[in-house]
Amino acid sequence: MEFKDYYQVMGVARDATQDEIKRAYRQLARKYHPDVSKEANAEARFKEVGEAYEVLKDAEKRAAYDQLGANWKAGQEFHPPPDWNSGFEFSGGGFTGGDASGFSDFFESLYGRAFNGGQRGHTAFHAQGEDHHAKVQIDLEDAYSGAIRTITLQVPGIDAQGRVSTRAHQLNVKIPRGIRAGQHIRLAGQGGAGHGQGKPGDLYLEVEFHAHSHYRVEQRDVYLDLPVAPWEAALGATVKVPTPVGSVELKIPPGSLAGNKLRLKGRGIPGAVPGDFYVVLQIAVPAADGDADRTFYRDMAEQFNSFNPRSKLGV
Amino acid sequence: MENEKMLPQPVSLILEEQTQLTLADLSRACAVHAECIVELGEEGVLAPVGREPESWRFSGIHLRRARVALRLQRDLGVNLAGAALALQLLEEVETLRTRLTALGRG
């Protein structure tokens, strides 16, 4: 396994005071906290920092760690020395309330495993399994019609030899009709296994939509930019408009302008209070490719010679 | 497709809309004492329906709020009021981000 330089992880000197270590931890924890941070590797960094702090904040653990010497480099192949741990007793502080399940092999080889209870007595213990959380990406269409999607989650667990390993947990998930981005699908009993006679935990899937080439979603409303020809906008027309559940006929009123919004009530994401579907008009201008086209545009310019598209700009 | 039929297909509920939790449910799901949840209610982090704690009902959205508030307290050493403030600001940032994305694509 790789050696971990806890001082480097925390960005402090080897002779840092306990106060300095605490300050560094608080700053890093705020920066990388998974509920706060949007950085891509926030969760991994947060765990790394938590592990380093677990060791460095505790005088006993820190002293034992320092005993390994300052010559180790982060990432170097590491085995604990044979006399490791002699003369140290990690009896007092033990492990703190932090989530120790993400600690590295390196940590466990030095300090054992928090959740195996070696230092915590042997009373029988029943508790509900942990709730698991994951994200799932679905298509906008799935929210309109509902769907069944097969998903695979990597679940950390403890194998027969007592080692931490991940196993694939595959299941079919019914995507409920009307679900929106940011909401959670709750699957009762699909989380971590219970301890003793405890029930398994629940699985929560946070829903995100795949980016769509022409729809965008705000809460329960769905927006579409719809190009129309100048004559359709000026004279009015009935045109075909795609929606996530098939195309509909839409009446463009005469005298429509670019940017005008037309609302299809209740055609957004369905639900007890369904969202609306908004069509935002754009004017598409045909290219003047041939002589005939150019003549036509020149005639238009003559016909509309008092038209100033920039009148609002004061020029 | 063959594979899909073999797999378990548990019941899916939308947490935010189709789930009602009692004080006991919520405490268990957050792995804390009921007193902690009551304190979150007093701080205004959670807004249950019902007058007395025994008859409180929480909509699913409160599970997420409670968990985030408790994690912020545990991991960042902030007190309950601080966690409540952080949660409120996080939600505002989230709303702004959504609008920004919509503008960027529009």
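**Cores, contacts and strands**

The largest nonpolar core holds 38 residues, of which I185(A), L26(B), A66(B), A69(B) and L87(B) touch the most other members; such a core is a set of buried Ala, Val, Leu, Ile, Met, Phe, Trp, Tyr and Cys residues joined through C-beta atoms within 7 Å, and a residue is buried if 20 or more other C-beta atoms, placed from the backbone, lie within 10 Å of its own. Two or more residues each come from β3 (164–175), β4 (184–187), β5 (203–209) and β7 (221–228) of chain A, and from α3 (23–30), α4 (34–42), α5 (61–76) and α6 (80–105) of chain B, where helices (H or I, at least four residues) and strands (E, at least two) are DSSP runs numbered from the N terminus. Because domain 2 (132–209) and domain 3 (222–303) of chain A both give residues to this core, it lies between them; the domain bounds come from an automatic or database domain assignment.

This is a predicted model, in which local features need pLDDT of at least 70 and side-chain atom pairs count only at pLDDT 80 or more, while totals for chains, interfaces and linings use all residues. Residues are numbered from 1 along each chain as its sequence is written, and chains are lettered from A and ligands numbered from 1 in the order in which they are written.

Leaving aside residues up to four places away in sequence, A69(B) touches L40(B), V45(B), A83(B), A84(B) and L87(B), two residues being in contact if their C-beta atoms, placed from the backbone, lie within 7 Å.

Between the chains, 26 residues of chain B are in contact with 29 residues of chain A. On the side of chain B that touches chain A, β1 (12–14), α2 (15–18), α3, α5 and α6 of chain B each give two or more residues, and α5(B) gives the most, with seven. The strands β4(A) and β1(B) also pair in the antiparallel sense over three bridges, pairing being assigned if DSSP finds at least two bridges between two strands; here S12(B) is the bridge partner of L187(A).

Four bridges join β6(A) to β7(A) in an antiparallel arrangement, and L224(A) in β7(A) is the bridge partner of Y215(A).

Definitions and conventions:
Buried ≥ 20, exposed ≤ 12 C-beta atoms within 10 Å, placed from the backbone.
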